[in-house]
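Biologist: Could you take me closely through one part of this model, the packing of its helices? I would like the geometry and the residues in contact set out together.

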Amino acid sequence: MTGHEVRPLAESEFREAHDLFRRALLWRPSKDEEWERNSGRYEPGRVLGAFVDGALAGTAMATTNVVTVPGGRRLPVGAVTGVGVRADRTRRGVLTSLMREQLEDARRRGEAVAMLHASEAVIYERYGYGVVSRSRTVELDRRRAALREDAPVGGRVRVLDQDEAAPILPAIYQRCAQDRPGQIGRDDAWWAGQRSWLGDGVLIAVHTGGDGLDDGFALYEATKADDVNALQVYDLKSANATAAVQLWRFLLGVDLVDRVVGHGRPLDEPLEWWLADRRQCRVTSVDDDLWLRLVDVLEALRARTFGPADPVVIEVRDEFLPHNDGGYRVGPDGVDRCSDEPQLVLDVAALAALYLGDQKASGLVAAGRIEARDPAAVAAADRLFAAVETPWCGTNF
Ligand SMILES: CC(C)(COP(=O)(O)OP(=O)(O)OC[C@H]1O[C@@H](n2cnc3c(N)ncnc32)[C@H](O)[C@@H]1OP(=O)(O)O)[C@@H](O)C(=O)NCCC(=O)NCCS
């Protein structure tokens with residue numbers, strides 16, 4: 001069953017939506033202070049509610065943001081979050097109705113893409129979202145993970161509590177490389193919301209470079225389980241390699257710690273290259289990071305640059321947003337719609353996997369997600385879509 005009443009919620013309904021979302025994630029409803037810190041993320045007009053028998057049954061919202069695409073352009077994007085359906089109203093199309101309205105709204109706003117992080121990998125592909133970046137969890141045995149003598153060195157690290165760090169973190173984040181595909185903005189409402197998720201024990205190490213500028217930070221928390229003292233590093237951003245190494249050097253130098261765990265790290269972080277023994281960097285998981293939906297395929301493709309290769313004609317299939325269905329000629333000199341015989345045929349979620357350069361066309365052909373009608377086009381598509389830098393978002397929302 002689909003076609004529930006879906007409408008933007010009034011501000012007076014935002015907290016009910018927030019608590020419905022929290023319950024869907026199996027969390028208790030928000031305390032007043034938690035709601036206050038999160039309320040700024042609820043943008044009037046972008047918080048949707050779906051109603052069954054006149055009562056709120058599900059919700060989804062988006063916050064207005066930007067995302068970097070290959071070539072460095074920062075595209076306007078809705079960051080989809082707060083998605084939940086009451087446990088007694090699931091599997092009757094409530095989310096589908098919300099997704100349809102949300103994507104239509106994104107189109108009306110002129111946003112060529114939409115993005116999210118997924119609680120489960122099986123939910124969003126049916127709406128055309130695909131994984132555009134991945135991240136890894138790394139574990140280091142603190143006593144054995146020595147840095148190489150030639151690893152970058154310089155500046156100094158100081159530790160701040162959350163109140164001390166709050167005023168300076170946004171400016172440091174701004175200074176960190178924003179030109180990597182998948183990077184997004186963090187506005188004041190994001191920082192306020194983040195505070196409500198952090199435990200009291202979270203501290204912030206800040207690196208100051210030789211020029212006196214703060215150029216990196218690490219949010220971390222000490223935990224103890226099975227007699228192992230660990231530092232959980234939730235967020236580490238740096239404007240340069242020296243700041244990154246110095247933050248890791250600091251974390252690996254904290255007394256009494258057995259293990260340092262880095263969560264959601266970029267796949268290309270060169271930790272192995274900074275360690276005297278590269279095997280001390282143990283990758284314990286590789287997970288999907290950012291998911292993207294090409295809302296307007298033509299505009300989204302035109303926004304990024306492409307590598308040097310012959311143009312390729314692709315046919316995109318998009319059941320959820322049929323205006324995207326059809327042929328596109330993609331080349332380094334531009335992208336146009338076309339009606340030529342397609343060389344590659346793929347659905348819009350598979351196109352998303354190529355979009356920031358996370359996956360290669362040849363890999364998706366091998367996986368059966370791209371039909372290669374002209375095998376010669378596969379290598380060209382690999383070169384066209386290749387990104388110079390590995391995509392990574394690294395910001396939860
Ligand atoms: C995920 C969630 C929002 C789905 O809502 P819903 O209203 O049940 O979704 P729909 O009924 O519109 O589902 C559409 C399709 O997706 C499938 N689907 C949706 N969620 C699924 C899940 N978690 N696992 C497997 N299949 C799922 C449905 O079976 C249905 O398939 P069909 O079209 O073949 O019948 C809801 O289950 C929920 O609130 N989960 C807990 C909170 C959560 O994970 N939120 C997402 C945060 S990113």
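Modeller: What follows is a description of helix 2 and the two helices it meets. The model is predicted, so local features need pLDDT of at least 70 and side-chain atom pairs count only at pLDDT 80 or more, while totals for chains, interfaces and linings use all residues. Residues are numbered from 1 along each chain as its sequence is written, and side-chain values use heavy atoms, with hydrogens and water left out. Helices here are DSSP runs (H or I, at least four residues), numbered from the N terminus. Two packed helices are described by the angle between their axes and the distance between the axes; the axes are lines fitted to C-alpha atoms over the stretch in contact, and angles run from 0 to 180 degrees between N-to-C directions.

Helix 2 (residues 32-39) packs against helix 6 (residues 188-197) at about 155°, with the axes 7 Å apart. That angle makes the two roughly antiparallel (over 145 degrees). Glu34, Arg37 and Asn38 of helix 2 meet Ala189, Ala192, Gly193, Arg195, Ser196 and Trp197 of helix 6, where contact means heavy atoms within 4.5 Å. By class, this contact has 3 nonpolar, 3 polar and 3 charged residues, with Gly counted among the polar ones.

Helix 1 (residues 14-24) also meets helix 2, their axes coming within 11 Å and crossing at roughly 110°. Helix 1 and helix 2 are therefore roughly perpendicular to each other (65 to 115 degrees). Phe14, Arg15, His18 and Arg22 of helix 1 make this contact with Asp32, Glu34, Trp35 and Asn38 of helix 2, and by class it has 2 nonpolar, 2 polar and 4 charged residues.

Conventions
Angles under 35 degrees count as roughly parallel, over 145 as roughly antiparallel, 65 to 115 as roughly perpendicular and the rest as oblique.
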